[in-house]
Amino acid sequence: METLRCIIVDDEPLALGLLETYAKKTPFLRLEGTFPDGVSALERLKQGDIDLAFLDIQMPDLNGLELARLVPERTAVVFVTAYEQYAVEGFKVDATDYLLKPASYADFLTACERAVKRRKGMTAEASGADSATAADETLFIKADYKTIPIKLRDIRYIEGVKDYVLIHLDPAGGSRYPGSRTPYDIMSLQSMKSLAEFLPAPPFIRIHRSYIVNLNRIDCIERQRVIFGDVYLPVSDSYREALEQAVAARTP
């Protein structure tokens with residue numbers, strides 16, 4: 001199993017100590033540090049090499065939810081808290097798991113295994129081959145109380161906008177949103193994570209927390225951005241390697 005670098009952030013010494021014990025006896029975890037507050041933890045997270053962060057929620061200055069919104073793309077977040085009412089907010093920031101104190105080692109281990117799967121999913125986008133069958137598949141998208149069929153091959157890129165996804169279609173393709181002022185842009189109430197589960201990788205590659213692109217529709221890749229006509233999308237550090245590997249696999 002892949003080794004994950006992790007940190008633990010909690011202002012309660014007993015809770016911090018328990019999680020530290022769990023982490024040290026888990027073979028595929030490498031504990032990189034423990035922190036009593038979010039501010040000090042953020043400095044370590046900014047180095048960009050942490051795969052998993054266990055966060056308490058109620059902490060002074062910078063609480064766990066606020067910290068989760070600042071972590072690098074590659075870092076999976078598991079909340080460990082005594083307050084179950086924060087669960088909904090926790091999953092809005094794409095938390096991998098949400099554990100209630102005192103968390104058992106079994107629950108801790110399950111959360112870690114979910115983080116491993118998440119990490120594998122981020123790198124798996126760089127492997128595999130295109131499938132003509134997959135490109136011809138139809139995806140049914142719900143928008144404005146309608147269900148709209150679109151061909152996967154007609155998607156240029158997908159943009160995350162809060163609780164919605166905005167699917168940008170290639171005007172040269174056959175898919176469109178009939179009756180809309182913008183027939184090649186479809187807004188749907190769902191998360192990027194849920195939609196990504198239906199997309200074959202490649203050709204669909206996540207390049208940023210807010211963007212998934214179709215490699216077959218890219219006009220150009222320049223430095224740290226992907227270009228579709230006059231649209232320039234940033235490539236974040238966490239997804240750059242996956243994109244580079246996917247492109248290298250297609251480069252003679």
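What follows is a walk through a predicted model, beginning with a loop residue and passing through cores and rings to another loop.

Let us begin with Asp10, which is found in the loop that runs between strand S1 (4-9) and H1. Asp10 counts as buried, because its relative accessibility is 1% and the limit for that word is under 20%. The side chain of Asp10 has a polar atom that lies 2.8 Å from the backbone nitrogen of Glu12. When neighbours within four places in sequence are left aside, the residues in contact with Asp10 are Ala15, Leu16, Phe35, Pro36, Asp56, Met59, Val80 and Lys101.

With a relative accessible area of 1%, Thr26 is buried. Not counting residues up to four places away in sequence, Thr26 touches Tyr105, Phe108 and Leu109, and two of these names, Tyr105 and Phe108, return below in an aromatic cluster.

The largest nonpolar core has 21 residues, and the members that touch the most other members are Leu29, Leu52, Phe54 and Phe108. Two or more residues of this core come from each of S1, H1, strand S3 (52-55), strand S4 (76-81) and helix H5 (105-124), and H5 gives the most, with five residues. To take one member, Leu29 touches Leu4, Cys6, Ala23, Leu52, Phe108 and Cys112, again not counting residues up to four places away in sequence. There is also a second, separate core, made of 20 residues, which includes Ile50, Met59, Ala68 and Phe79; Met59 was named above as a contact of Asp10.

The aromatic rings give another view of the model, in which the count of aromatic pairs comes to seven. One of them is the tilted pair of Tyr22 and Tyr105, whose centres are 5.3 Å apart and whose planes are at 55 degrees. This pair links distant parts of the chain, since Tyr22 is in helix H1 and Tyr105 in helix H5, 83 residues apart. Another pair, formed by Phe54 and Phe108, is stacked, with 4.7 Å from centre to centre and 15 degrees between the planes. Here too distant parts of the chain are linked, with Phe54 in strand S3 and Phe108 in helix H5, 54 residues apart, and both residues are buried. Tyr22, Phe54, Tyr105 and Phe108 form one aromatic cluster. A charge accompanies one of these rings, for the charged end of Lys25 sits over the ring of Tyr105, 4.3 Å from its centre.

The walk ends at Gln190, which lies in the loop between strand S10 (185-189) and helix H7 (192-196). The side chains of Gln190 and Ser188 are joined by a polar contact of 3.0 Å. Not counting residues up to four places away in sequence, Gln190 touches Ile141, Asp163, Tyr164, Val165 and Leu195. Ile141 and Gln190 are 49 residues apart along the chain, while their C-alpha atoms are separated by 9.8 Å.

Key:
Residues numbered from 1 in each chain as written. Predicted model: local features only at pLDDT ≥ 70, side-chain atom pairs only at ≥ 80, totals over all residues. Heavy atoms only, no water. Buried < 20%, exposed > 50% of the residue type's maximum accessible area, 1.4 Å probe, protein only. Contact = heavy atoms within 4.5 Å. Helix = DSSP H or I, 4+ residues; strand = E, 2+ residues; numbered from the N terminus. Polar contact = N/O pair within 3.5 Å; in protein donor to acceptor, adjacent residues only side chain to side chain. Core = buried A, V, L, I, M, F, W, Y, C linked by side-chain atoms within 4.5 Å. Phe/Tyr/Trp six-rings, centres within 6.5 Å; stacked < 30°, edge-to-face > 60°. Lys NZ or Arg CZ within 6 Å of the ring centre and 35° of its normal.
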